[in-house]
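Dear colleague,

I am handing over the structure we spoke about, and below it you will find my notes on what I found when going through it. Please read them with the structure open beside you.

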Amino acid sequence: MNFADLFPRLRMMTRTVMAVLVFAVFPVAVLLAALYFMEIFEVERVISAERALHESVLGRLQTADNDVAMVERSIRRMMDAVKTRPVSIQKLGVERLISLFPQTFDLYVFDKKGSVITEMSSSRHTRGVVERAYGTLIDASERRDVTKTQEGILSRFLIMPEPMLAVKFRGSVLALDNRPRDGYFTWDYNLGGSADIGGYCALIHPAGIRENRALQSSMAMIRHHTKRLQVGMFEMSSGTINLIPSQWNRRSELKHEVLAALSRYDRNFEGSYFHGTVMLRGRGGYLLAISPKPAFISNRLRLILFGIGMLWTAFVFVKIQNRESGFAARIPSKLVGLFLFAVGIPSLILLVGGYYALKDHGRVMLQELESRMRLKLRQFDERFPEEQLRLTTWITGMIKNFDLHSSPEEISRFFEPFRREPSISNIFLINDKGNTLFCFNEKLKEKRRSEIARMYSLLAREGLKKINNDSHIDSGTFAAEAASGIFSSISTGGTKNLVDEILRKRGEFFRFQTGNEVSFLYVNPLFLPDGTAPYMVMVNVPGYDLEYEFMKKHISELLRQSDFSWRVNAVGEETFFHTLVSFPEDKVQIDRVVHELKITKTSIRNIVSAPDGDNLWLGIKGQNLTSYILTANTSLQPLQRHVQYLWGGLLLLSLLVFVSTASIGMFLSEQFLNPISDLNLGIEAIQQRKFDHQVPIHAADEFGEMAGLMNHVIEGMRDLQIARIVQESLFPRQALILSDYHIFGKSRSMTDLGGDYFDYFNVGETSITGLVGDVSGHGVAAALVMGMAKAVFANEENMHRSFPDLLGSFNRFMLSALKRQKMMTVFIYSIDPVSNILRYSNAGHNFPFFRCASTGKIEMLEQIAMPLGTRTKIEYDVKEIQLAPGDIVLFYTDGFVEASDPGGVVLGYDLARQWLDDVAGLEPEKAVAALFEKLDAFIGSSAATDDVSLIFLKRLAV
C-alpha cells in the first residue's frame, strides 16, 4: 500500500462517516426520539385521564359498598318499575325481589288509600298497626297534626324512642338500632302511576344479607360495561394476600406493585403492562382498579419507521460516495440547503415540544381558573358569618330602644320591623312567670307553633330565674318536655347546662339543630335599673332561611367578576329548602353535579362539552352555608382561544425561522468556517474553564476583532478564577477540634465569587469562636464585603470584644463605607469547653438547628435582629445554651433551605430537620458531605440559585 495515499483515504472515510452521521443517523435519531417523547407524553396523558376515571369508579364503589342501601335501592326500584303495571306483574316483582333477598326484609305495600295490599305484603305485623304507623308517617310529612297515640303506635312498630325521626328518611334508610332483626327502616308514599300502589314501608334485617353482596354486584356491573377498566379487591388476613377476582392472584407483578404503593402511601401503581389505583375500603381491605398500559405507537409502525430510517441512511451513504452526481451544487445552494436542513430538525422538535408545552400551559391555566373559582366560592361562603353578625347587631340595637312599660299596642308596633325581616321565623317577649306578652310565629304550622311557644316559655322562665339569682330550676317540667321530643336534639347536657349555654350566648346567636334543620336562637333579657330582668326577648332564625336571604342578596355580587365570567347557582339539600337557580338553562347539568356531589360527599369538578364550547363545572358544599350546594360554571372558550393564538404564533415563528434561514444561507456563501471554528473553540474553553487558551487572529477584520475581544475576556476570566482561589483560601480548610468539640464547614458558591462567609478558630487554648454570614448579592462586590468581614471578625484584637460591640462596630463600618448598598447577615458564637456553654448573637441570619442528643428533638436557635448595613442604631444581644455530649448545632446560609427541585418545590426547614436527623450519628466531615449529597440529589438538574454554606458543630459523646 502506498502510504502517500493512506491519509487522503482516511480523511475521505472520516468525511463519509461524519456526513452519514450528520445527514442520516442524526435526523433519523431525532425523529425517532421525537416520536418516543410524543409517546411518553401521550401515554402519560391517557394514564392521567384513566386514573381520574379510576378515582371516580372507586369512589362510586365506596358509596355502593353498603348492603343495606342496596336492599333499599332494590325495593325502591322494584316499586318504581311495577307501580304502573298490572297486579300480576306487581306480585311477580315482589316475589322476584323476595327470592333475590330471602329473609332479608319485611315489606308492606299500600294502596293509595293507605290500606295494606295483603297479597304483596308480609304478615309479620298486624294489618292495623302497620296501616296506622304508615298513616302517621304520611300525616307528619304533610305537616298535619299527629297525636300522641299515633306516635306511640309508630314507636311500637319501629321499636325506637323517637319514631318521628323516620319522617325525614323518606326514600332513604333509617338505622333503627344495631340489631340483626329490624335493624333498618325505609318508606315512601305518593309514588304516582295509574295502578293502585300508593306507597310502601320495609323493615330490613341486616343478618339476612349476604356479606359484600352490594360491592360484588357493583363490581360485576362495572366489569360488564367497561372494556379497559377492571375492578377488584385486595385483602390481607392472617398474613395471606388475597386478590379478588381470584385470577388476579396469579399476577405476581400486580401483587408486588400494589404492596409497594401501599408501603409508600401512594394511591397509584404501575407495572410493565398495567397501571392502577388502590383505595381504602371502609369495611376493611382495599379496592383496586386497573387498566392495561396504553400504547401510542404500535410495534408494527415502529418497525416501519425504523425501516424507513435505514433506507434513508443507505441513500445518503450512496450520495456521499458519488459526490459529483450527488450533492454537487453551487456554494450558496449548499449553504441554503445545509441551513434549512440544520434548522428543519430543531424546528420540528420546537413544534412538537411547543405543542405539548402549550397543552401543559392550557392545563396550568385551567388549574388557575379552577383555583380562582374555588377561592371566590370559599370567600363567599366565609362571608356568611358577617350576615349573622349584621342580624345580631340589628336585633340588639332594636331591643336597646324597648320601653319596659309599653302597652300591648306599643309592643306590637315595636316588634313590627321584626315581622318584616324575612329571615326571622318567630319572636317572643316572655316574662319571668313564663307568660308570653308578644308572640309572632305565623311562619310555622299550627302544631309546631304550640311546641315552639311551650319550649320558649320554659327556656325564658328558667333563664330569667337564673339571671335573677333564683336557684329553683324546674327540672321536672324541663325533663318532661325534653322527653316529649321538643329538646331532644339540644338538651343532652342536662337542664342547667342547656340554660347556662343559652344565657352564655345571650346577645348572640345560639346554634341548635332539630332533626336535619339548623336554627339560630337569639336570647336577650331586659333589665330594670335595679339589675333584675323581668322580661326576655327570644328570636328564632331558621338556618336555611338565613342562608337563603344571604345568597339572594349577595349572589348577584358574586356573579360580577372582572377576570372571568361565570354562572353561580345554589341548590338546597332538602326538599323544603329554597333553590336559587340564576340560570334555568343550566338546570339539567346542575342536577347532575348536585347528584354526584351527594354521592361522593366531596367537591365536584367536571368539564362538560356544549355546542358553544367546553364548560368547567364546580360543585362544593360550604363550611358555613351548610344548607346549600353551590355550583359554578364558566366557559373555557377564552382559555382555549388563548392557547390557539399561542399555537398560531408558534407556527408563525417556525415559518419565520425557515425564511430567515434561507435568507442567511444566501448571504453566507463565503467561507467563514475557520474563524468561526476558532471562536467556537474559545467559547468551549470558557465553558470548560480552560483560561490558558488563546484564539488565533487570522486577519484584521471583524473576526479578528472578535478573536481579540474573546482573548481579552478569557484573560479576565483567568483573573476571576484567581480571585476565586483567593476567596476560597479565606475559609477554614480543615476541621477544628478542641476538647470534645468538633467543627467542620464547607461552602459552595453559585458563581465564581460568592457572598457566603464562615469561619471558626481557637481563642487562646480555652475557647472556640465561629461565625457564619451571608452578603447580599453575588460577584465581586459581595466577595469584597466577605473579605472585609474576614479581616474584622478574624482579627486577634477583636476576639476579646463582646459580640454586640463587635457586630455594632462592623455595622457602622458597612453603613459608612457602603452607604446601604450591601447588607450582611451574621451569626457569631463562642464555646467554652469548660462550662460547655454556647453563647451567640444573631444579626438577621437564619436560625441554626440545635439537636438535643438526649431527646432527639431538633429546635432552632431563634434570635431576631436586623442584618448589618441596614440601620444606624441596632442593638444586638447575647443568648446562650448548654451543650451536652452528643448535642449538634448546624449553621447554614439561606441557599440551603431555599434550594428547589426541578419541579420548583422548595427544600424548606422540615426536610432540612429530617436530613440533620439522618446524619446526626456521623462525624462533622462526613455529615457535611452527606448533607451536600442529599442537596445535590434534591435539586437534580436545577441550577443553584444561591451560595450554600454548612457548618456542623458536635460535642462528642464521652
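In this predicted model, strand β1 (residues 105-111) has 6 of its 7 residues buried, so the strand is largely enclosed by the rest of the structure. Its partner is strand β4 (residues 197-204), to which β1 is joined by 7 bridges, with the two strands running antiparallel. To find the pairing by eye, you could look for Asp-111, which stands opposite Ile-197 in β4.

These two strands belong to an open sheet of 4 strands, in the order β1-β4-β3-β2, and the pairing there is antiparallel. The edges are formed by β1 and β2 (174-175), each of which pairs on one side only. At the β2 end, 2 bridges connect β2 with strand β3 (residues 184-189) in the antiparallel sense, and Leu-174 has Phe-185 in β3 as its bridge partner. Helix α4 (residues 127-141) packs on this sheet, where it touches β1, β3 and β4, and its direction makes about 65° with that of β3. Helix α5 (residues 148-158) also lies across β1, β3 and β4, running at about 50° to β4.

As general background, nonpolar side chains tend to be buried together in soluble globular proteins.

Leaving aside residues up to four places away in sequence, Ser-218 touches Leu-61 and Ala-64.

On charged pairs, the count of salt bridges comes to 34, and I describe a few of them here. Lys-83 forms a salt bridge with Asp-80, the closest N and O atoms being 3.7 Å apart; Lys-83 is buried, with a relative accessible area of 17%, whereas Asp-80 is partly exposed at 39%. In another, Glu-549 is bridged to Lys-552, with the closest N and O atoms 3.5 Å apart. Both of these residues lie in helix α16 (residues 543-559), where Glu-549 and Lys-552 are 3 residues apart, about one turn of the helix. Glu-549 counts as buried at 13% relative accessibility, while Lys-552, at 45%, counts as partly exposed. Lys-857 and Glu-859 form a further salt bridge, their closest N and O atoms being 3.7 Å apart; here Lys-857 is exposed, with a relative accessible area of 51%, and Glu-859 is partly exposed, with 38%. There is also a network in which salt bridges that share partners join Asp-106, Arg-124, Arg-181 and Asp-182.

Finally, a word on confidence. The protein averages a pLDDT of 79, and 81% of the residues score at least 70. Confidence is highest in strand β26 (residues 849-851), at a mean of 94, and lowest in helix α14 (residues 475-483), at 44. Over residues 475-496 the pLDDT is below 50, although this stretch has 34 contacts in the model beyond near neighbours in sequence. Where pLDDT is low, the predicted coordinates should not be read in detail.

With best wishes

Definitions and conventions: Residues numbered from 1 in each chain as written. Predicted model: local features only at pLDDT ≥ 70, side-chain atom pairs only at ≥ 80, totals over all residues. Heavy atoms only, no water. Buried < 20%, exposed > 50% of the residue type's maximum accessible area, 1.4 Å probe, protein only. Pairing = 2+ DSSP bridges. Contact = heavy atoms within 4.5 Å. pLDDT = per-residue confidence, 0-100. Axes fitted to C-alpha atoms, helices over the stretch in contact; angles between N-to-C directions. Salt bridge = Lys/Arg side-chain N within 4 Å of Asp/Glu carboxyl O.
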